[in-house]
Structures are given as C-alpha cells and as structure tokens.
Amino acid sequence: MIAQTDLFVSRRHANRVKNEQELIFVGTTSTLQNRISASAFDPEGRIAREDLLAFVELAVKAPSGFNLQPWHFLIIDDKDKKEALRTAAFGQQKITDAAASVIVLANLQAYERAEQIADDLVTKQYTPEAYKEKVISSIRSYHVNSPDKYKEEVIIAASSAAYGFQLAAFEHGYGVTPIGGFDPAAVSETFGIPAHLKPILIIAVGLSPVETKQRKFRFPVEEVSSFNAI
Ligand SMILES: Cc1cc2nc3c(=O)[nH]c(=O)nc-3n(C[C@H](O)[C@H](O)[C@H](O)COP(=O)(O)O)c2cc1C
C-alpha cells in the first residue's frame with residue numbers, strides 16, 4: 001500500500017502552499033538522485049495489484065500534448081505470460097524474476113478521445129465554450145497533417161509516464177528496470193495488442209536484493225547542457 005504520508009503530501013501539493021511544495025521537491029530530488037536500474041530480482045517477490053495500480057495512478061500525472069494521455073500500461077503478473085513476454089524479449093531473465101513486467105504502450109489513436117479532452121478544458125475554464133469545436137478539430141487534424149510529429153509526441157508522452165511509473169515504484173522500495181531489448185512485433189503478437197498501441201518499453205518491477213554494484217557514471221552537466229547555443 002502507498003504510505004498515507006505520501007498521499008497527504010500530494011494532497012497538500014495540490015493546494016499549492018509554498019512550504020508544503022518544498023516537501024514534494026525534497027522527495028522527488030532524493031528519488032531522482034537514488035534511482036538505479038535493478039540488476040536482479042527475487043523470483044519469489046510479489047507486489048499487490050493495488051500497489052501496481054497506485055504506481056500507474058502516479059505515472060499518468062505525466063504531461064502530454066493536448067493532454068491526450070496517449071498511454072496504456074499492460075501489466076503482466078501471470079507466471080506463464082511473463083515467460084511468453086521473456087521469449088519476446090530475447091530471454092531476459094529479469095522479466096520473469098520480476099513480480100510484474102509492465103508493457104508500456106503508446107496509443108497512436110489517442111486523438112479519438114478529443115471530445116472528452118475538450119470538455120474538461122471547457123469545464124475547467126482553460127478554453128471558452130466557443131472554442132471547443134476548434135480544439136476538437138485541432139486534435140483530430142494534428143495526426144493527419146503532421147503524422148510523424150504526432151507519433152513522436154505520443155511516444156514522448158508515453159515515455160514520460162513510463163519514467164513516472166519507474167520513479168513511483170522505486171520510491172516505494174521496489175526494484176525497477178526499464179527494458180527496451182524486446183521485439184515489438186513479437187510482443188504485440190503474443191498479447192494480441194492492436195496496431196495502434198505501440199509497445200515502447202517494458203518495466204520490470206519487483207523485490208530486489210540490496211544493490212552491491214556502484215552506480216553507473218554520468219557525463220558531467222557541463223558536457224550535456226549549454227545555455228543559448230549548442
Ligand atoms: C530505453 C531503455 C532501454 C533499456 N533496455 C534494457 C534492457 O533491455 N535490459 C536491461 O537489463 N536494462 C535495460 N535498460 C537499463 C539501462 O541499462 C540502464 O538504465 C543504464 O545502464 C543506466 O543505469 P541506471 O539505470 O542504473 O542508472 C534500458 C534503459 C532504457 C532507458
């Protein structure tokens with residue numbers, strides 16, 4: 001179960017009280033600072049479905065273009081299905097040892113929910129009622145006029161949500177490894193995933209032995225960032 005204190009902090013964050021916001025930032029900073037990919041999982045480890053859903057609940061707070069929320073989390077926690085997923089992921093053992101392996105799908109048809117998105121914008125006064133149809137047609141025409149850009153944005157948004165899931169699970173004490181080494185066509189075929197849902201990442205999540213390996217290096221900030229010019 002997610003600790004009550006976390007929910008409490010989140011609720012206070014929603015109220016936008018300055019000193020309480022700082023509490024959130026402390027939590028986020030330490031999670032970002034400490035996260036590493038688990039190098040192994042305890043095959044006996046279990047995670048309650050309610051916890052996995054709580055991580056999804058946190059992950060879907062991620063931003064997305066037009067608030068399209070173009071993601072789906074296909075959670076594989078059945079032993080035989082994890083075996084099948086492992087086969088589609090070049091035999092990677094973490095997939096079966098993890099309590100659950102989550103296939104993150106980017107929804108290439110997210111624009112179909114334009115009406116619901118526009119309704120929310122109008123209800124919450126982000127958009128005047130008079131512009132509602134315009135918003136809907138912008139959303140619907142985006143993927144037609146700029147299909148490549150639309151697809152990229154959908155993948156960016158789903159990737160953001162995927163990282164949110166990893167951070168949430170890690171912060172709550174679980175081992176987490178993102179896995180990109182899989183055959184997307186084989187994954188889709190194995191799980192009957194329709195073509196508009198593109199598998200972008202598998203997240204193995206479970207109980208991990210205490211990590212004995214050192215954190216991997218990162219290139220220094222000065223090398224990977226610059227101001228105003230590349
Ligand atoms: C897109 C992506 C694909 C990855 N694919 C795999 C994978 O197939 N198998 C694996 O064990 N780890 C995989 N990783 C984890 C990386 O190896 C790991 O993030 C990287 O070495 C940095 O280590 P750290 O996460 O502990 O900081 C992947 C990570 C990302 C972001």
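Tutor: We shall look at the sheet, then at a helix pair, and finally at the ligand. This is a predicted model, in which local features need pLDDT of at least 70 and side-chain atom pairs count only at pLDDT 80 or more, while totals for chains, interfaces and linings use all residues. Residues are numbered from 1 along each chain as its sequence is written.

Student: In what order do the four strands of the open sheet stand?

Tutor: The order is β1-β2-β4-β3, and the pairing is antiparallel. Strands (E, at least two residues) and helices (H or I, at least four) are DSSP runs, numbered from the N terminus. Two strands pair if DSSP finds at least two bridges between them.

Student: Which strands stand at the edges?

Tutor: β1 (71-76) and β3 do; each has a single partner strand, so one side of each is left without a neighbour in the sheet.

Student: And how many bridges join β2 to β4?

Tutor: Eight bridges join β2 (residues 100-107) to β4 (residues 197-206). S101, for example, stands opposite A204 in β4.

Student: Which strands does α8 lie across?

Tutor: Helix α8 lies across β1, β2, β3 and β4, and runs at about 10 degrees to β4. Axes are lines fitted to C-alpha atoms, for helices over the stretch in contact, and angles run from 0 to 180 degrees between N-to-C directions. Two residues are in contact if their C-beta atoms, placed from the backbone, lie within 7 Å.

Student: At what angle do α3 and α8 pack?

Tutor: Helix α3 (residues 49-59) and helix α8 (residues 147-171) pack at about 130 degrees, with their axes 8 Å apart. That makes α3 oblique to α8. Angles under 35 degrees count as roughly parallel, over 145 as roughly antiparallel, 65 to 115 as roughly perpendicular and the rest as oblique.

Student: Which residues meet there?

Tutor: F55, V56, L58 and A59 in α3 meet A161, G164, F165, A168 and A169 in α8. The residues of this contact divide into eight nonpolar, one polar and no charged. Here Ala, Val, Leu, Ile, Met, Phe, Trp, Tyr, Cys and Pro count as nonpolar, Asp, Glu, Lys and Arg as charged, and the others, Gly among them, as polar.

Student: New topic: which residues are around the ligand?

Tutor: They are I36, S37, Q92, K94, T177, P178, I179, G180, G181, L201 and K216. A residue is near a molecule or strand if its C-beta atom, placed from the backbone, lies within 6 Å of it.

Student: Where does the largest share of that shell come from?

Tutor: Strand β3 (residues 175-179) gives the largest share, three residues. The shell divides into four nonpolar, five polar and two charged residues.
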